[in-house]
Amino acid sequence: MTARIVIIGGGQAGGWAAKTLRDEGFDGEICVVAEEEWDFYERPPLSKASLLEPDAALPRLFSEESQATLNLNWYRPLRAVALDREAKTVHLSNGESLGYDQLLIATGGRARWPGEAWAAHPQVYTLRHWQDAQRLKHRLAQSQRLAIIGGGWIGLEIAASARKSGVAVTLFEQQPALCMRSVSHEVSQRLAQIHRQQGVDIRCGCGALELEDDNGQPVIHCDGQRETFDAVVVGIGVSLNLELAQAAGLRTEQGIVVDAQGRTSDPAIFAAGDVAQHHQYGLCIQSWAFAQNQAVATAKSMLSPEAAGYDEVPWLWSDQYQYNIQILGIPQKGSETIVRDDVLFFSLDVRGRLSQLVAFNDARTVKLAKRWMAAGRDLSDVPLADPAFSLMSLR
Ligand SMILES: Cc1cc2nc3c(=O)[nH]c(=O)nc-3n(C[C@H](O)[C@H](O)[C@H](O)COP(=O)(O)OP(=O)(O)OC[C@H]3O[C@@H](n4cnc5c(N)ncnc54)[C@H](O)[C@@H]3O)c2cc1C
């Protein structure tokens, strides 16, 4: 019988796992080891409302009252520093140890830096935690010129928020196109067009970047040009917090390898959220939906080995200017992208099956596309690009 479950990580996946364990009737002890001092909160608002609203509050996952009913034993702000799998014990940064019957690793990731000089400069920022958003918001209010390093989703969202606040933005991306790893060339082009229309100076395919300091102001040296900014935000991706799992000898690849039930190579240890590798796609999805739903499925499996497990196609969204952009699925090598009205981007694999849909302000078609994907529908003969053709006729 499971008497104590320990969750490492007080983020979105940790929070949903704790709630699900209680919702499913677990009445044993739940301990949460959390490096941050805050209650469970969501990160998506950090690059959006939290930067724009002067009095934005912590985007809590659950109200204070709902969280209190979960009856959790918090160990915070503390780090889990090592696992002893034989003794089923977690060692904490204050020297304490915590035994477990089952363990969930939900440690997420940390923002990557291009180098030490960048991390040491007081006007160079990353955005991962609540206090990062507070610092950045404060600086944006005093800035006229912002440089963003990295043209991925976070960089683009920060660009949109900064432009809404009237700050001039220069975005440096070393790849030839924006969000290149996650969407087709056609979508990258559309994103660049939207941002350029809003006045963002996009420098794709830029050369190596160097940081200098000019009396406390960051200066970026690139392709023979030297430009001074009020602030620089680095959004070049995340290093997953895999060290605990690796040191304990759990199987890891891009992330912690888990099955559909979220179970790692140790049957008493589970993993959820950004650190858990999608059991079918072999990738760490790093999205809000995965952090929530895979954690919910994993928590259910911790209590009942017969639970159905996680079975969802990768899905994430991004809000930029007036656009809600939804990204369903992952583009496959060799897939062809069919564009409809500059709003829907269908990527079909060689067999005509939908491998990815990117939709700008069209949640309805995303819903429909989920069904096409689940059914493996052949769309090769469907006139997807024709605006006169009703997609709803394919319901
Ligand atoms: C700025 C921003 C905007 C985003 N916007 C979107 C969006 O629009 N759409 C979308 O789909 N996704 C978005 N995401 C991604 C989404 O927020 C993440 O996928 C999600 O937060 C992952 O949840 P998690 O619980 O796995 O990890 P996290 O939320 O990172 O939580 C992990 C927690 O574990 C703690 N921790 C780490 N190591 C230890 C340790 N050893 N001991 C104790 N605690 C530890 C960390 O400090 C952290 O609090 C965004 C992310 C960011 C940063």
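## Close-up legends: helices, a sheet and a loop

**View 1. The 16 residues of helix H9 should span 22 Å at 1.5 Å a residue, and its end C-alpha atoms are 23 Å apart, which agrees.** The expected span of a helix is 1.5 Å times one less than its number of residues. Helices (H or I, at least four residues) and strands (E, at least two) are DSSP runs, numbered from the N terminus. What you see here is a predicted model, where local features need pLDDT of at least 70 and side-chain atom pairs count only at pLDDT 80 or more, while totals for chains, interfaces and linings use all residues. Residues are numbered from 1 along each chain as its sequence is written, and side-chain values use heavy atoms, with hydrogens and water left out.

H9 is mostly covered, with 12 of its 16 residues buried. Buried means under 20% relative accessible area, exposed over 50%, and partly exposed in between (1.4 Å probe, protein chains only). Among the buried residues of H9 are Phe290, Gln294, Val296, Thr298 and Met302. Their cover includes strand S1 (4-8), H1, strand S7 (102-105), strand S19 (269-271), strand S20 (276-277) and S21.

**View 2. Helix H1 (residues 12-23) packs on H9 (residues 288-303) at an angle of about 35°, with the axes 8 Å apart.** Axes are lines fitted to C-alpha atoms, for helices over the stretch in contact, and angles run from 0 to 180 degrees between N-to-C directions. From H1, the contact uses Gln12, Ala13, Trp16, Ala17, Thr20 and Leu21, and from H9 it uses Trp288, Ala291, Gln292, Ala295, Val296, Ala299, Lys300 and Leu303. Contact means heavy atoms within 4.5 Å. By class, the residues of this contact are 10 nonpolar, three polar and one charged. Ala, Val, Leu, Ile, Met, Phe, Trp, Tyr, Cys and Pro count as nonpolar, Asp, Glu, Lys and Arg as charged, and the others, Gly among them, as polar. To read the spacing along such a helix, recall that an α-helix has 3.6 residues a turn, so residues three or four places apart point the same way.

**View 3. Five strands form an open sheet with antiparallel pairing, in the order S21-S22-S25-S24-S23.** S21 and strand S23 (336-340) stand at the edges with a single partner strand each, so one side of each is left without a neighbour in the sheet. On average, neighbouring strands of this sheet are turned by 15° against each other, direction ignored. Two strands pair if DSSP finds at least two bridges between them. S23 and strand S24 (residues 344-348) pair over five bridges, and Glu336 has Leu348 in S24 as its bridge partner.

**View 4. Here is the S21-S22 hairpin, with two residues between its strands.** Six bridges join strand S21 (residues 315-320) to its antiparallel partner S22, and Asp319 is bridged to Asn324 in S22. In the turn, Tyr321 has a positive phi of about 55°. Of the seven residues of S22 (residues 323-329), six are buried. Five bridges also join S22 to antiparallel strand S25 (residues 354-360), where Leu357 stands opposite Leu328.

**View 5. Helix H6 (residues 153-164) lies across S21 and S22, at about 25° to S21.** Nine of the 12 residues of H6 are buried, so it is largely enclosed by the rest of the structure. They include Trp153, Leu156, Glu157 and Ile158. Just after H6, look for Gly166, with a positive phi of about 85°.

**View 6. Helix H7 (residues 185-197) lies across S21, S22, S23, S24 and S25, at about 15° to S25.** Its 13 residues reach 18 Å from first C-alpha to last, close to the 18 Å expected at 1.5 Å a residue. Val187, Ser188, Arg190, Leu191, Ala192, Ile194 and His195 are buried in H7, and the buried residues pack against H6, S12, S21, S22, S24 and S25.

**View 7. Gly205 sits in the loop between strand S12 (201-204) and strand S13 (209-214).** With 46% relative accessibility, Gly205 counts as partly exposed. Apart from neighbours within four places in sequence, Gly205 is in contact with Glu173, Gln174, Gln175 and Pro176. Leu178 is 27 residues from Gly205 in sequence and 9.6 Å from Gly205 in space, C-alpha to C-alpha.
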